[in-house]
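Student: Could you take me through one part of this model closely, and show me how it sits against the rest of the chain? I would like the cut-offs along the way, please.

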Amino acid sequence: MGLFGNLMNAVGGMAGIKTMQLGSDRLLLNHTILDPFAVPGPLKDMANEAIRRSFLTEIPTITEFEAALLKLAVYCKAAEAIESSEHLELFQTAVTQIREVAEPGSIRPAISLQVTADTGH
């Protein structure tokens with residue numbers, strides 16, 4: 001594959017990542033009590049970076065539901081780190097709500113187990 005083909009693959013990958021990041025925000029906004037656009041920028045950046053790494057290295061076929069759960073796992077870890085029980089409860093409730101609205105088969109067991117281990121939900 002030539003330089004142009006490699007460039008197109010890279011651009012396509014970045015577009016896919018951005019789609020997952022924004023799509024997961026829309027899912028969170030529409031189906032949970034969480035407004036992802038109110039999450040502080042640095043925390044949102046950490047969550048988007050987790051999605052980017054997962055998309056590029058582990059799971060290039062990630063779904064928006066999985067991306068939303070991965071974001072929530074990052075948010076839960078951050079809430080635990082600063083000992084904010086109010087935020088932790090909000091994020092854990094959002095995890096449950098995403099799982100309730102997810103289409104059957106749209107969340108792989110490995111990701112679901114990872115999020116359960118990280119969040120307790």
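Tutor: Happy to; let us look at helix 5 (109-119) and then at the core and a few other places.

This is a predicted model, where local features need pLDDT of at least 70 and side-chain atom pairs count only at pLDDT 80 or more, while totals for chains, interfaces and linings use all residues. Residues are numbered from 1 along each chain as its sequence is written, and side-chain values use heavy atoms, with hydrogens and water left out.

The protein chain has five helices and zero strands; helices (H or I, at least four residues) and strands (E, at least two) are DSSP runs, numbered from the N terminus. Of its 121 residues, 44% count as buried. Buried means under 20% relative accessible area, exposed over 50%, and partly exposed in between, with a 1.4 Å probe and protein chains only.

Now to helix 5. Its buried residues are Ile111, Ser112, Val115 and Thr119. They lie on the same side of helix 5, because they cover an arc of only 100° around the axis; the arc is that of the directions from the helix axis to the C-beta atoms. On the other side of helix 5, Pro109, Ala110, Leu113 and Ala117 are exposed. The cover over the buried residues includes helix 3 and helix 4, where contact means heavy atoms within 4.5 Å. Just after helix 5, glycine 120 has a positive phi of about 80°.

Val115 also leads us into the largest nonpolar core: of its 33 residues, Leu34, Leu72, Tyr75, Ile98 and Val115 touch the most other members. Such a core is a set of buried Ala, Val, Leu, Ile, Met, Phe, Trp, Tyr and Cys residues joined through side-chain atoms within 4.5 Å. Helix 1 (3-31), helix 2 (41-58), helix 3, helix 4 and helix 5 each give two or more residues to this core, and the largest share, 12 residues, comes from helix 3. Leucine 34, leaving aside neighbours within four places in sequence, is in contact with residues including Leu72, Tyr75, Leu90 and Phe91.

Most residues other than glycine have a negative phi. Glutamate 83 has a positive phi of about 55° although it is not a glycine, and it is exposed, with a relative accessible area of 74%.
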